[in-house]
Amino acid sequence: MKNWFLYGLIFLATIVLLFLSVPLFNMILGNDLTLLLETLKQKDVISSIYLTMKVSLWSMCFVLVTGLPLAYIIARYNFFGRSLIEAMIDIPIMIPHTAAGIALLMIFGRGTISEAFESIGITFVDTDMGIMVAMMFLSSTFLINGAKEGFKKVDIKLEKVARTLGANPMQVFLRISIPNSRKDIINGALMMWGRGLGEFGAVIMLAYHPMVAPVLIYDRFTSYGLAYSAPVAAIMIIISIFIFLAVRFINNRLK
Amino acid sequence: MKLFEVENLSYKLGDFKLDNINFKVNQGEYFVLLGQSGSGKTLLLESIAGFNSIDGKINFEGKDISELSPENRDVGFVYQDFALFPNLNVRENIMFSGRYKQIENPEETLHDLADFLGLEPLLNREIDNLSGGERQRVAIARALFSKPKILLLDEPLSAIDPTFRNSIMKFLKDIHRKYNLTTIHVTHNFREASYLADRIAIVMNGQIRQIGTASDVLNNPENLEVAKFLGFKNILPSSMLNEDSGRLFSVDPNTIHISKDELKNDYVFEGKLEECMGIIDHYKIFVKVGEEQFFAKLLKRDYMGCYADRGESIFIGFDKKDVSYL
C-alpha cells in the first residue's frame, strides 16, 4: 500500500480519460464500416469536410501572419494597455459562440465595415469568408497565447547576440525568435485549427451555407435523425485525430 | 592609438542609472570593467553594443556610433551564458553572421577559428551536446567569425567550472594576442582582471570610480569604497604613521611582520593579540593597537604558532614600500 497516492491519482485520472475517450471511440467503433464508407462517397459530405478543413486552415494561416507579431509584441514589450489587449485576446473563448456569431454578423453582415468590404468584392454572409471570420474570432486565442508563451521562453539574449552578428530585427524574428518558439507556435496553431474545425455556433449565424461539417451534422440530425448524422460525425472525428497525431508526431521529431 | 571613446554616457533603467560614464579604449587594448554584481557593468556593455537608447556619445574610430543599431556597430558580443542559438548546430552558430555580413573566405575563416579553438571535431554537433568550455569556445568563435572591430565579453568565465578557469583565462589572452582584437571584458573577479587587463575601470553603482593600468588600480585604490571592493585590509588613519594628511592608508596583511621582540621595520607597533586562527597553510592574526585592529597573515611554513597567547603583548611591523595611501 506504499503507492496508495499514485494508485489514487491513476484512478481519478482514468475516470476523466474514459469520459473524454469513450464517446469518441463509441462514435468511431459504433458505426458500421460499410455505412462509413458509403457516407464518404456522398458528395455533400466530402465537400463539407473539405470546406471545413480548407477554411480552418486559411484562418489559421491568417492568424499566423497577423497573430505572431501581436504575440511577439506582448511577449517582448511592456507598454500601457498590455493587460487590456491580453484580456481582449482571451474574451472570445469565454463568451457564448452564438453571441459571438451575432456580434460578427453586426459587423460583417451590415454597416460600414461590411459595405467597405463589399465594395472590394468581399462578402461574409453565407460565404467561405464568413465561415473564416467566425472560426478566426473564436479560435485565434489559442494560437496567439501559444505563440506568446513560446516567445517568452526564448532568451532575449539570443536576439541581442543575433543583432550584433549583423541580423536586423526582422531577420532575428524569422531566424531566431520563431524557430526557437516553434513547438509552442505549432501547438497553438493546432489548437486553433482544431477549434476552428469544430466551430458551429458562430458559423451558423454568418453562414449556414455553404455547410461546414458541424453544420452538416446538425442539419442531418435535425432533418433525418441520429443514424444519418452519426457517420458524418465519425468521419470528421477520424480525420481530425489522424491529422492531429500526424502533425504532433512531425513536430516532436523536429529538432 | 585611441579607438573607442565613451563620452558622458547616461542611461536610466527603472531605479538604476548609468551615470555620466567616460572612458577611452586604445587599439588592441584589453580593457576590463570591474565591479560587483548589480553595479551596471552588463548594462554598460549592452549600451556599447547598441541595445539601449543612451544619452551621451560613443565614438568609434572618430565617428559617433551612438545612433547606430547593433547590427551596424561591428561589435562581437559574448554573454556569460554564451547565448548559443539552440535551433542551429555548432557550424551554423559560428557562421551565423555570414548570412548578413560580407565575410571574406567564410570556409577558410571557419576552419582557421575551429582549428585554433579546438572546435574542428564539434562542428556538426548540436549545441545541447556541448560542455560549458566548448560552449564558450563556440560563442567566441561565433563572435570572431563576424570580424568585429571590438569584442565585448560579459563575465565569460562565470559559467565555467573553477577548475578550468585558469586555462581559459590563458586562452582568452591567446585569442587577444593572435587577433590583436580590442576587447572590453566585464567581470567581478579581480584575479581575472589582474591577469587579463591592460587597463581597468572600476564600476560602482552605475558610475566609473577609477580608471588606470591594471597594477595601478589594483594596488593604489583612489578611495575607501574602491579599496574595500578590491579586498584591501587594514584600512587605517595615516595619523598612526605620524602623518597629519587626514588620509587613510592600507597595508597588505601578507607584508606585516610579527614578533614577540621589537622589530626593525619602518613602522613598528606594540599591541595585544586578540585572535589567532589556524587555517590550512596559514594563521590569521588580529592585533589590537590602541583603538585600531591590524590583521596579518602568517604562513605556517615560515613559523608554526601564534607567537603569543590571546591578550599578551606582541610587536607588528611593516615597511614604507608596503603602504598604500587612499
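This note goes through a predicted model with chains A and B, point by point.

1. Basis of the model. The structure is predicted: local features need pLDDT of at least 70, side-chain atom pairs count only at pLDDT 80 or more, and totals for chains, interfaces and linings use all residues. Residues are numbered from 1 along each chain as its sequence is written, chains are lettered from A and ligands numbered from 1 in the order in which they are written, and side-chain values use heavy atoms, with hydrogens and water left out.

2. Confidence in chain A. The term pLDDT stands for the predictor's confidence in each residue, from 0 to 100. Chain A has a mean pLDDT of 93, and 98% of its residues reach 70 or more. Among the elements of chain A, the lowest mean, 86, belongs to helix α13(A) (residues 226-253), and the highest, 97, to α8(A). Where pLDDT is low, the predicted coordinates should not be read in detail.

3. Fold of chain A. Chain A has 13 helices and zero strands. Helices (H or I, at least four residues) and strands (E, at least two) are DSSP runs, numbered from the N terminus. The C-alpha atoms of chain A fill a box of roughly 70 × 65 × 30 Å, taken along the principal axes.

4. The interface between the chains. Contact (heavy atoms within 4.5 Å) links 19 residues of chain A with 27 residues of chain B. Buried area is the accessible area (1.4 Å probe) that two parts lose on being put together, summed over both. For chain A and chain B this comes to about 2100 Å², with 62% of it on carbon and sulfur atoms.

5. Three salt bridges are counted between chain A and chain B; a salt bridge is a side-chain nitrogen of Lys or Arg within 4 Å of a carboxyl oxygen of Asp or Glu. Lys157(A) forms a salt bridge with Asp81(B), and their closest N and O atoms are 3.2 Å apart.

6. The chain A side. The elements giving two or more residues to the side of chain A that touches chain B are α8(A) (156-164) and α9(A) (169-180). The largest share, seven residues, comes from α8(A).

7. Domains of chain B. Chain B is divided into domain 1 (2-229) and domain 2 (235-325), with bounds from an automatic or database domain assignment. Their centres, taken over C-alpha atoms, are separated by 40 Å. The contact takes six residues from domain 1 of chain B and four from domain 2 of chain B. The area buried between these domains is about 290 Å², of which carbon and sulfur atoms give 68%. Zero salt bridges are counted between them.

8. Backbone points to check. Most residues other than glycine have a negative phi, and most peptide bonds are trans. A cis peptide bond joins His209(A) and Pro210(A), with omega about -10°. Pro210(A) is in the loop between α11(A) (201-206) and α12(A) (213-224). In chain B, Asn8(B) is not a glycine, yet has a positive phi of about 50°; Asn8(B) is found in strand β1(B) (residues 2-13).
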